[in-house]
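Below are some comments on the model you sent. They are kept to the points that can be checked against the coordinates.

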Amino acid sequence: MSEPNPYQAGDAGGYEWGPGRQAGGAPVPPQYPPVPAQFPMGAGAPVLSLGDITVVGDQIMTPAGPMPLKGAVWNAMDMSRTEEKMPTVAIVLAVIFFLFCLLGLLFLLMKEKQTTGFIQVTVTSGGRHHATMIPATGPDTIHWVMGQLNYARSLSM
């Protein structure tokens with residue numbers, strides 16, 4: 001505890017709280033970092049967001065930087081697939097109920113759908129290009145993405 005108190009005001013023995021002081025006794029204004037250029041002031045709330053592509057005002061924000069919205073070219077490619085298979089439960093129930101009655105074969109009509117893969121969305125504008133991958137959670141994901149993409153295309157005109 002031999003270090004001097006950093007808050008002690010000179011010889012008066014009182015305390016000074018708050019920002020530092022300049023030579024004339026005026027407080028030093030706080031230094032805030034500048035706002036990055038990729039977030040324009042007054043752009044407003046995001047209008048559209050697809051993966052890591054966001055439309056704000058008249059710009060498209062990507063991790064690589066902003067692009068102009070006017071004249072942007074939007075594309076989507078469906079790289080998902082939906083598989084339909086018979087669940088294990090259906091086979092077990094069909095075998096068990098086949099022994100009791102012939103209606104057990106109706107359990108073989110049970111199917112489950114599983115969608116895997118991604119939908120790739122690309123945007124090109126102002127000599128720049130960006131692509132993002134959106135996971136497909138169901139067979140209707142491509143319809144949702146295409147609806148968002150068509151809205152983005154209408155904003156780009």
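1. A salt bridge is taken here as a side-chain nitrogen of Lys or Arg within 4 Å of a carboxyl oxygen of Asp or Glu. The model is a predicted one. A search of the whole structure returns one salt bridge.

2. That pair is R81 and E83, whose side chains meet at 2.9 Å, N to O. R81 is exposed because its relative accessible area of 51% falls over the 50% limit. E83 has 35% relative accessibility, so E83 counts as partly exposed. Side chains of opposite charge can pair when their charged atoms come close.

3. E83 also has a bridge partner in β8, namely Q114. β7 and β8 (residues 112–125) run antiparallel and are joined by 13 bridges.

4. The sheet is open and has three strands in the order β7-β8-β9, paired antiparallel. β7 (73–85) and β9 (128–135) are the edge strands; each has a single partner, so one side of each lacks a neighbour in the sheet. On average, neighbouring strands are turned by 10° against each other, direction ignored.

5. Helix α2 (residues 141–156) packs on this sheet and touches β7, β8 and β9. The direction of α2 makes about 175° with that of β7.

6. A nonpolar patch lies on the surface, with about 1200 Å² of accessible area together; its members include M86, I91, F97, F100, L105 and L108. L105 sits in the loop between α1 (88–100) and β8. With 45% relative accessibility, L105 is classed as partly exposed, because that class lies between 20% and 50%.

Key:
Residues are numbered from 1 along each chain as its sequence is written. This is a predicted model: local features need pLDDT of at least 70, side-chain atom pairs count only at pLDDT 80 or more; totals for chains, interfaces and linings use all residues. Side-chain values use heavy atoms; hydrogens and water are left out. Two strands pair if DSSP finds at least two bridges between them. Helices (H or I, at least four residues) and strands (E, at least two) are DSSP runs, numbered from the N terminus. Axes are lines fitted to C-alpha atoms, for helices over the stretch in contact, and angles run from 0 to 180 degrees between N-to-C directions. Contact means heavy atoms within 4.5 Å. Patches are made of residues with over 30% relative accessible area and no salt bridge: like charges are joined within 9 Å, nonpolar side chains (Val, Leu, Ile, Met, Phe, Trp, Tyr) within 5 Å. Accessible areas come from the Shrake-Rupley method with a 1.4 Å probe; for residues, only the protein chains shown count as cover. Buried means under 20% relative accessible area, exposed over 50%, partly exposed in between (1.4 Å probe, protein chains only).
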